[in-house]
Amino acid sequence: MRTIKIFDTTLRDGEQSPGAAMNIQEKLQIAKQLARLGVDIIEAGFAITSPGDFEAIKTISGEVEGPVICSLARAKETDIKRAWEAIKDAPRKRIHTFHSTSDIHLKYQFRVGREEALKTSVEMVKLACSFVDDVQFSPMDATRTDLDYLCEVTEAVIEAGASTVNIPDTVGYTIPNEFGIMIKALRDRVKNIDNAVIAVHCHNDLGLAAANSLSAVLNGAGQIECTVNGIGERAGNCSLEEVVMAMRTRRDIFNADTNIISEEIMRSSKLVTKITGMSVQPNKAIVGANAFSHESGIHQDGLLKEKTTYEIITPETIGLNKTKFVLGKLSGRNAFRTRLGILGYALSDEEINSTFERFKKLADQKKEIFDEDLEALVSEGFTTVPETYSLVDMRISSGFHEKPTAVITLKTGDGVIEKTEHGDGPVDAIFKAITSITGTKSELVKYEVKAITGGTDALGEVVCSLEEDNRRVIGHGADTDVIIASAKAYVNALNKLAVRKK
Ligand code: KIV
Ligand code: ZN
């Protein structure tokens with residue numbers, strides 16, 4: 001049985017999804033969850049691209065234990081030095097450098113010949129190896145690269161010290177059979193291939209990223225690059241949960257498995273959804289809301305008789321707990337802490353105290369508090385930002401014959417301010433009143449409301465995305481009253497924008 005390494009790039013390629021930009025604290029929370037999930041390598045960012053990316057990689061390197069922490073770097077001296085500066089505090093670290101190899105990229109984008117690209121790649125791998133033992137090289141657009149040249153580059157970078165060679169399907173162009181043959185050709189034709197791990201990095205433009213990655217594993221690849229929920233550039237990257245569960249469910253075919261703790265999959269998926277604001281389609285494999293719902297009478301009949309008739313994975317395997325555990329307003333701090341522990345949250349005393357306070361407020365409004373509510377409370381804590389603005393009070397009126405009106409009181413740097421505004425609906429009125437107090441000019445690009453659990457007293461969660469001066473942020477708010485949740489989400493987004501502006 002081989003162990004396939006899982007290289008998670010949610011924080012780098014995943015962040016390249018339009019609108020999925022994350023701040024440092026959010027990246028740190030995801031990185032900690034990825035460590036709990038058991039990924040082998042976290043690509044924490046692309047250090048040279050911005051001070052924020054650099055700081056995020058540095059923070060993760062200093063605070064996240066377990067996985068190897070990696071930074072991406074173009075095959076350029078400045079990039080590689082910056083990547084090294086960002087990762088150097090990590091107990092286990094890797095530099096991932098890349099250079100295009102396809103003629104299309106070399107001719108039209110980089111305007112260099114094959115020889116020069118090869119020479120630069122080798123020199124930059126050597127430079128990266130002077131900083132760290134663990135160096136990965138990617139020949140970008142490999143699937144549209146001449147195979148002889150790809151073999152030549154692969155051999156040369158391994159010779160230069162690369163211990164992983166990653167074969168990217170940068171534009172999501174290949175198909176499983178062709179990609180498998182390519183991986184096998186590299187194994188057969190590159191003399192020193194046994195000195196390196198072959199990795200694959202597939203994009204999902206044709207919906208084949210997971211299938212292509214699995215075909216590569218069948219042909220000798222030892223590392224898969226992927227993201228939680230399959231987020232990433234354009235149509236996204238290979239989805240972590242799909243490849244992991246495919247290998248686990250069909251060990252008989254793959255004769256391979258990963259180090260992933262599958263019970264952490266659902267929690268990771270929800271956290272990434274929450275932080276990026278990118279919802280998962282209901283019919284998405286493994287983590288979609290319908291992935292374990294059986295609608296057809298024949299299927300339900302079979303399931304009642306024997307689960308395996310229609311269920312190839314149990315919901316518990318990915319951390320979906322069917323048996324509901326309920327807390328309420330009489331539950332004490334100990335029960336609360338214990339339940340969070342069972343759910344996998346190791347919070348500090350300070351975090352427990354602040355979450356418990358919010359739990360008590362919620363328990364006053366809602367009789368039964370489910371695990372999903374607890375998870376929402378905890379992740380609300382994860383997404384807190386310094387409060388440039390804080391909501392003090394709000395009153396709303398609307399009706400069949402009444403113009404929706406919001407009176408909002410906010411605490412700002414200039415003191416406590418109250419404003420009244422009308423709108424097309426109560427949410428519109430709230431947002432207008434908040435904007436008129438803060439004087440901000442952001443555009444609302446997304447607004448989404450969902451119920452976290454069932455019932456009319458369910459906690460409603462609002463996600464709203466604001467954009468100003470090319471900066472896009474995602475705000476969250478949860479409350480049993482969706483109008484209040486909307487105001488909280490809007491203020492949360494404005495606070496994030498304020499941080500970004502600074
Ligand atoms: O898609 C791609 O080619 C990449 C590389 C940087 C590995 O993301
Ligand atoms: Zn990519």
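## Terms and model

In what follows, Ala, Val, Leu, Ile, Met, Phe, Trp, Tyr, Cys and Pro count as nonpolar, Asp, Glu, Lys and Arg as charged, and the others, Gly among them, as polar. This is a predicted model, where local features need pLDDT of at least 70, side-chain atom pairs count only at pLDDT 80 or more, and totals for chains, interfaces and linings use all residues. Residues are numbered from 1 along each chain as its sequence is written, chains are lettered from A and ligands numbered from 1 in the order in which they are written, and side-chain values use heavy atoms, leaving out hydrogens and water.

## The largest pocket

On a 1 Å grid over the protein atoms alone, a pocket is an open set of points with protein on both sides within 12 Å along at least five of seven lines, a cavity is a set where a 1.4 Å probe fits but cannot get out, and lining residues have an atom within 4 Å of a point. The largest pocket has a volume of about 1,200 Å³, a volume being the space filled by probe spheres set on points joined across faces, edges and corners. Its lining numbers 46 residues, with Met-266, Lys-270, Leu-320, Glu-372 and Glu-375 closest to the centre. By class, 18 are nonpolar, 13 polar and 15 charged.

Helices (H or I, at least four residues) and strands (E, at least two) are DSSP runs, numbered from the N terminus. H11 gives the largest share of this lining, 7 residues. Because domain 2 (333–382) and domain 3 (390–501) both contribute lining residues, the largest pocket lies between them; these bounds come from an automatic or database domain assignment.

## The cavity

The whole structure holds 1 cavity of 30 Å³ or more. Its lining consists of Thr-273, Lys-274, Gly-277, Ser-279, Glu-448, Lys-450, Glu-461 and Val-463. H11, S14 and strand S15 (460–468) each give two or more of these residues.

## Around ligand 1

The shell around ligand 1 (residues with a heavy atom within 4 Å) includes Asp-13, His-96 and Phe-98. It divides into 3 nonpolar, 6 polar and 2 charged residues.

Which side chains make polar contacts, pairs of N or O atoms within 3.5 Å? An oxygen atom of ligand 1 is 2.6 Å from an N or O atom in the side chain of Thr-170, and for Arg-12 the distance is 3.0 Å. Taken alone, ligand 1 exposes 260 Å², and the protein buries 94% of that, by the Shrake-Rupley method with a 1.4 Å probe.

Notes. Polar contact = N/O pair within 3.5 Å; in protein donor to acceptor, adjacent residues only side chain to side chain.
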